[in-house]
Amino acid sequence: MNAKQISYGILLIWKAVKRTSLFKSLKDPQFFFGLLPLLWLIVFFLAPILVIIVISFASTSFSIPPFSEVFKWSIDNILEITLNTQNYISVVKDSYYIHAFFNSIVLSIITTAVCSVLGFAMAYGIFCARKERRANLLVLVTLSFWTSFLIRVYAWINMLSAHGMINRFLMKIGLTSEPIQFTGNYYAVCLGLIFCYLPFMILPIYAVLEKIDRSCVESSWDLGCKVTRTFWRLTVPLSKDGLKNGCILVSTASLAEFVVPELVGGASTITFGRVLWTEFFNNLDWPMTCAISIVMMSMVMFPSFLFGMIRKRI
Amino acid sequence: MYGSEDPLLSVNRREDWQILGAEPFVSIKNISKSFNGVPLIRDVSISVFKNELFSLLGCSGCGKTTLLRILAGFDKPSSGKIIIDGIDVTDVPVFKRPVNMMFQSYALFPHLTVYDNIAFGLKQDKLSKTSIADKIGEIIKLTNLTGLEKRMPDQLSGGQKQRVALARSLVKRPKLLLLDEPMAALDKSLREQTQFELVNIQERIGITFILVTHDQEEAMTMSSRMAIMEEGKIKQIGAPHDVYEFPNSKFVAEFVGRVNFFDGIVLEHQLDQILIESNEIGCFCNATHAGAVPVGTRVTCAVRPEKIMISTLRPAYPRNWVKGVIKEIAYLGHISTYHVLLNSGKVVVVTLPNLLRLDDRNFQWEDEVYLFWRSENSMVLTV
């Protein structure tokens, strides 16, 4: 191959590229700017995930970084791919991990369920308030975001601890003589999760409720539906989208939560996030951590897919 | 009973509202309503008869929608009573009243199909599925919605939405149907057709309608009688032609159509007509249908633009004519509007049908013309 042949070949390839529809549509500004978020996702989401997937098939070694190579060029130009599936097998087989998964899922489901009931009630309460008061009430809901997440959780620890406000109050009124152990169990974790993620349920539901046409509600009354029946037949179905979005936000966030179980849960509560932390920082087992993250991510995505499918059905 | 009759046969029959002392179907008795100390409705009393299509006409903020909401039961009156078919419903809550309302925004339930929207009210009554289906089938045929049952509201055109809203409010066979600006969201060409359709449906189904509108043409086209409201008070109630030809005040005369006002003083009062001298236009004019106005009273003589005729020749009789110069001509297609400047400085508006083509017509700008009208067409108003 001489230089002329190569340049001719490049020219041919360039012509072929120019003819593709992708290249043609690049000239369309709408398409071009639509590509930017895609690019963002590829660089900051897809690429790291690919790295994680690759590492999850490696095995630990005493090196920097602390895992063996998956792709290796040998001296005679042979690409060796070493896939270590042991990580995944451990994740699926080890009862410790299964326990952690199960706990996280149950916690997430309970949190989502309680949040959706409480969140709906609170959103509806704000919606029913006088117009000029609604903005203030919404600020109150978002007020907790203004402080650090950690501080909010610490506040709960302070409330629930052996010498916390609740115990002191209970002892003062004589309901109990010794402090009750509130923290260090799954109830406390659940309470913390519900408290931390309730705003994520309230806001999307309120957004939908506010859009409901007032005359629709009046029309329902006019057609003979009393207030409670109107609520169930009209208000709830019309706020379904907000409820779904809130559920997705709360369930995914609470499934992967690390801070709340770590701080409120004590040593006995084992969840996803905590297992991940232990594997990475205590055991320096990067491949295992990656395998757990991949499994976890698939499970976090699962409820979203589920809700997506339900939405298509309805 | 009314609904089953051939409408053609009933043209010459006297309806309830034309019979003196007939029993009203809906009685609005001395209703007042104020909100935060601001009076919205002041002592309104209206009797609506069975099978009537009654209009509440007024500009925005006159209290007509508030009155409708009181009738529907959404708002409570501060005082007064509402009686429907002999039953006092003033304290009956909205979901129990034998009244349905069609909203201006139509208020269709966005999550339900057309069929389920119409079935919404029936499912409340614990009817069997087949009887619900029968009732809906009937109403869908009546409102010409066949084939659209499975559509969602956002897949309908404006006219279709309006018919679904109508079907939904009619399907429960209320004793009284309230319509809040039913045509407001339709475009002009569709509106006219829909007005006739609505009247047709009303005649066939035989339900009493009360309609709120700000459009006097709509009220006049559709209603058997109408009430003109201003600032929470009723100004006049009557059949459209009565209100148009015999308004009781300047406000009503102006509200239901264009009109020319001439201020004057009563000079003579004879048995069947009065003589008015008007300095504003500089002529004497006769008026019949004047009522009791003693000599010397300051009155306003009102003449509608289409009742004034134009001629280049001086009329032979001594009264009911003035001289002027045509200053403006507005060509509207079917009619033309002439603005005639009188010697006194007053501008009189006259409309004439365009019988001739534009180039062939008899009067042009700056022509000196005589305006004249029949004495029975001068309306004498004291307020």
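Colleague: How many residues does the contact take from chain A?

Modeller: The model is a predicted one. Two residues count as being in contact if their C-beta atoms, placed from the backbone, lie within 7 Å. By this criterion the contact takes 17 residues from chain B, and from chain A it takes 14 residues.

Colleague: Which element gives the most to the side of chain B that touches chain A?

Modeller: On that side, the elements that give two or more residues are β6 (99-102) and α2 (114-124) of chain B. By class, the side has 10 nonpolar, 5 polar and 2 charged residues. With 3 residues, the element that gives the most is α2(B).

Colleague: Which are the edge strands of the open sheet in chain B?

Modeller: In this sheet, 5 strands follow the order β15-β19-β16-β17-β18 (chain B), with antiparallel pairing. An edge strand pairs on one side only, and this holds for β15 (309-311) and β18 (347-353) of chain B.

Colleague: What distance separates the centres of domain 1 and domain 2 of chain A?

Modeller: The domain assignment of chain A gives domain 1 as 1-53 and domain 2 as 89-313. Taken over C-alpha atoms, the centres of these two domains of chain A are separated by 42 Å.

Conventions. Residues are numbered from 1 along each chain as its sequence is written. Chains are lettered from A and ligands numbered from 1 in the order in which they are written. This is a predicted model: local features need pLDDT of at least 70, side-chain atom pairs count only at pLDDT 80 or more; totals for chains, interfaces and linings use all residues. Two strands pair if DSSP finds at least two bridges between them. Helices (H or I, at least four residues) and strands (E, at least two) are DSSP runs, numbered from the N terminus. Ala, Val, Leu, Ile, Met, Phe, Trp, Tyr, Cys and Pro count as nonpolar, Asp, Glu, Lys and Arg as charged, and the others, Gly among them, as polar. Domain bounds come from an automatic or database domain assignment.
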